[in-house]
Amino acid sequence: MNRWFAKLTCLLLLVAALPLAAQDLASYEKRVSVKTLPNGLTVVLWRRPEAPVFSFFTLVDAGSAQDPLHATGLAHMMEHMAFKGTPDIGTKDYAAEKPALQKVEQTYAAYEAERIKRVNQDPQKLAQLKNAWEQAIKDADKYVVQNQFGEIVESHGGVGVNAFTNYDETAYMYSMPSNMIELWAALESDRLMHPVMREFYKERNVVMEERRMRTDSQPTGRLVEQFLGTAFMANPYHRPTIGYAADLQSFSASDAAEFFQRYYVPSNMVIGLVGDLDPAQVLPIVEKYFGQLATTSKPEELFTDEPAQNSVREVTLHDPSQPFYLEGYHRPSYLAPDDAVYDAISDILSNGRTSRLYRSMVRDKKIAAFAAGFTGFPGIKYGHLFAFYGVPLPGHTNEEMQKAVHEEIDKLKTQDVSDEELQMFKTRTKADLIRGLASNEGLAQQLATYQTRYGDWRELFRYLDRVDKVTKADIRRVSNQAFAETNRTVGIIQTQTASSHPAPAASKGAEQQ
Amino acid sequence: MSRRVNATLSCHPERRRRCAAGVEGPAVLTRSHFLSVLFCFLLLFTAFSPAQIKPWNQIQPPALPAFKPQEPIRVQLSNGMVIFLQEDHELPLIDATARIRGGSISEPANKTGLTDLYGEVWRTGGTKTKTGDQMDDFLEARAAKIETDNQSDSTTISLNCLKGDFDAVFEMFLDLLHHPEFRPDKLELAQEQMYTEISRRNDNVDSIVHRESRIIAYGKNNPYARVAEYATVAAVTREDLLNWHQQYVYPNNIIFGITGDFDAKAMEAKLHQAFDSWQKGPEAKAPDIKFTEPKPGLYFVRKGDVNQSSIDMLDLGIERSNPDYFVVTVMNEMFGGSFSSRLFNHLRSGKGLAYSVGGGVGSGWDHPGVTNIQMQTKSASTVEGIQGLDEEIDGLLNNAATPEELKRAKDDILNSFIFQFDTPEKVLREKMAYEFYHYPLDFLERYRSEVEKVTAEDVSRVARKYVHKDRMAVLVVGNDTEFDKPLSTLGPMQELDITIPPPPASMMQQGPGGQ
């Protein structure tokens, strides 16, 4: 055993010199072209001529944290609407459709005004207004060519057509054969300039179904919504990205259009492009099409920082499902100087079978099927959480999860991690970076993300310098800072028999329309 | 900057089925997958247009440059082992997998879960000279992986490392291949994990649907549908794992693929040296499985804590070797496989009834797949949803593909064809699958030319041949207190009891949970 470890330490010294270090950045820089158009849109292009295909990743620096107060879920709704087409795509006759859509908005505004009246609501008038709105929708629907945007992309060889919204950002992505680059530029610039809010109110119902699937009908979905609502009070991370059911049933296409105009501006977007693309040919095409986007100033940051927490908070979900333990501690945003230290803590606690939580809770104590500590919850852009969770084995309890997690936290606070643990973190981070270079999709996402978050894609590599500087003392210091009792929020699922559990009240009724 | 936690929402749910030819993924949810999904929730104004900007439909894309993917080198050793070598010098990495015939469909019914345990404990139980924990320390220090896994028809052992570490990691890989120890403490640990999985299997709709739909489509005693229980997991012993290894792990049952930054000639020599002297063993025999049509009807699972129903219309599908397979993929694309498929257009965008909707006739490499046409809709539109799917199936049987629909479905497949082989690794995996299932090695090229030939008449013909409305079983998982109408208005209904059988008394002495 001793010999084994001696050998191990020796080998550790050898691998410290991995093939990829930040100084190799120069060799990758040659493959990358960065272009910021006069209107403020930035494109980062990485030439990877392995096969005649490419992937893109458009990052809009606005997520659900930017949802207006009355309209949670709006950033995500806008993401759905970006697939509904433009004046050229998705319509049989836009000239006739446009006024029909305006009518939908007018009738909806009238209906909403009556619907939200606190006093003196007139039921008969409400029914009439609802009818008028529904009729207007029927009239507008006549012009729709359904899902034509996605159809054009897919029938021209597009794969992985998708988009996502999280607290920090909204993103669009797919891959195409490289001969489709101009078509891609035409389609993507068109939807970033002229999205048409057709079929909005039916799509709202689709999103309601998404909410039921991900949040209402899943135990961990139910828990996390309540947990974040408790851990955050001022910072918009306390609201669900998918939106509250009541907001999803009230916001309008006009609200979405307003959100779009404010946040989908060139200076607030970055496009990562990776694949068999010659920058000399492609950048002029990009400039030609995306240069059409009007220059608009970057949206103002409207934001409240979370005040310091001064007491333990707790959420207990009495649920028919099996027990589950979650706890989180506030930490500063990704721009904090200690960002890489949090990554080190997460890695040492959770990465693989050598990790501390696996070894203590799964292997040795045999109380958990799985346990981990992770950062970036539920976003990174603003102050967020470093969280821990544990899945108890049958017969074991949430209390045991909590006790075991706290023992590990105490260890981090009072004893240095080992040299081997710290080195594993650094080695794995480098290797993961290399592995991440193997896919067009992944690389496009990384480039757009680092360019947006740091103003320079090179930070993808320079991050390794910050990782190299993390010390054992840093880990102890940060653990003591972050993992304080008064900075803790706990969320648990406590098992209750199904018969005594009421059906979820939220969003169970029929939709409008 | 850390990798983000799964607090993202996408516009498209993950599809349950792949339509085009490709490597079949593991047929069952593995334990690690289960644990990861468990925590997976939440989570204009242009002034004017200069002349050179073209609207999308006036752009003439140039021809795609000719692209001949690099083919892996195939070598067969005298002991029967088939090796594929695929050089890829882009990054300093090496990745290898040995796929071994024999999987869960060959395990005894009273030990269902045996290969799940084998696939885990083979690695965690270590070798004769190194514990699994020691292997973990050695590998993690190099950011390298050696892992074992299991599927319905095979098990795998794989490695992934930086090329400079290859010799050391490969030596450990061979040690684990030839001298696994299956230490009892790791078997116990893996069993505890499976008990956890069993105890939680009714918590989420997805896991209920995944399990029950296979039971309905294949029948509960069919090896493709069998479910591990406390008793069957507890019945597995270390002897069973050793015997399994003894019975199946021989070179003549193995297909070995390796890709990465190496010289193929030098690597081939290395592999000859590693494997040439390994003696042949008994051939792995695939079990003879009888497939019968599901019993048609309406099956209901009551779940009180949800506000959305999952609806799955089920039948037996086809084998991929069926000459109709190519037409079926076009039909699926048109019907339920794409952004502008009929199901997506009508039930999601048109009626706003669902976020997740899709499906088609399923296919397996060497056995019938499961035909599954599914959607998830709010409890209060459950019956409306079933009727909606019904109408779409009628439409599929009665309304031929329009020329536009047919063109679009074929274009979807043909224009994205390059993505079937745009990385050396994909080409390697594809060839390994053909070798494993005894398919012609040019299957992918054939696939393309066959899809090109498909006509609207073909689509109608296969729809009538493989989609039988009256033979389908309908599975509904939901909260019937909120349904729009009782399910019984649609016909006789059978409620399924999904209560988890408790652990046998004998097991309660020491587990689960070690109480």
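Student: Okay, which domains is chain B divided into?

Tutor: Chain B has domain 1 (73-275) and domain 2 (297-495); bounds like these come from an automatic or database domain assignment. Before we go on, this is a predicted model, where local features need pLDDT of at least 70, side-chain atom pairs count only at pLDDT 80 or more, and totals for chains, interfaces and linings use all residues. Residues are numbered from 1 along each chain as its sequence is written, chains are lettered from A and ligands numbered from 1 in the order in which they are written, and side-chain values use heavy atoms, with hydrogens and water left out.

Student: Good to know. What pLDDT does chain A average?

Tutor: Chain A averages 92, and 92% of its residues score at least 70. pLDDT is the predictor's confidence in each residue, from 0 to 100.

Student: And where does pLDDT stay under 50 in chain A?

Tutor: One such stretch is residues 1-19, for which the model has 28 contacts beyond four places in sequence. Another is residues 500-510, with 27 contacts of that kind. Contact here means heavy atoms within 4.5 Å.

Student: Back to chain B. How many Å separate the centres of its two domains?

Tutor: The centres of domain 1 and domain 2 of chain B are 31 Å apart, taken over C-alpha atoms. In the contact, 30 residues of domain 1 of chain B meet 29 residues of domain 2 of chain B.

Student: What area gets buried there?

Tutor: About 2,400 Å² is buried between domain 1 and domain 2 of chain B, with carbon and sulfur atoms giving 71%. Buried area is the accessible area (1.4 Å probe) that two parts lose on being put together, summed over both. On the domain 1 side of chain B, B:Phe84, B:Ile216 and B:Tyr218 supply 21% of the area buried against domain 2, more than any other three residues.

Student: How many salt bridges are there between those domains?

Tutor: The count is one salt bridge between domain 1 and domain 2 of chain B, a salt bridge being a side-chain nitrogen of Lys or Arg within 4 Å of a carboxyl oxygen of Asp or Glu. B:Arg74 and B:Glu435 form a salt bridge, with their closest N and O atoms 2.8 Å apart.

Student: Switching topic: how many residues of each chain does the A/B contact take?

Tutor: Chain A puts in 144 residues and chain B 105 residues. The two chains bury about 10,500 Å² between them, 61% of it on carbon and sulfur atoms.

Student: What's the salt bridge count between chain A and chain B?

Tutor: It's 10 salt bridges. A:Arg353 forms a salt bridge with B:Glu147, with 2.7 Å between the closest N and O atoms. Chain A and chain B also have 32 residue pairs in polar contact (both at pLDDT 80 or more). A polar contact is a pair of N or O atoms within 3.5 Å; within protein, one must be able to donate a hydrogen and the other to accept it, and residues adjacent in sequence count only if both atoms are side-chain atoms.

Student: Which helix gives the largest share of chain A's side?

Tutor: Helix 8 (residues 200-216) of chain A does, with 11 residues of the side that touches chain B. Helices (H or I, at least four residues) and strands (E, at least two) are DSSP runs, numbered from the N terminus.

Student: Now the domains of chain A. What does the assignment give?

Tutor: Chain A gets domain 1 (32-91 + 144-290) and domain 2 (313-498). Their centres are 28 Å apart over C-alpha atoms, and the contact takes 38 residues from domain 1 of chain A and 42 residues from domain 2 of chain A.

Student: What do they bury?

Tutor: Domain 1 and domain 2 of chain A bury about 3,300 Å² between them, 71% of it on carbon and sulfur atoms. In domain 1 of chain A, A:Trp46, A:Leu223 and A:Phe227 lose the most area to domain 2, together 20% of what that side buries. Four salt bridges cross that interface in chain A.
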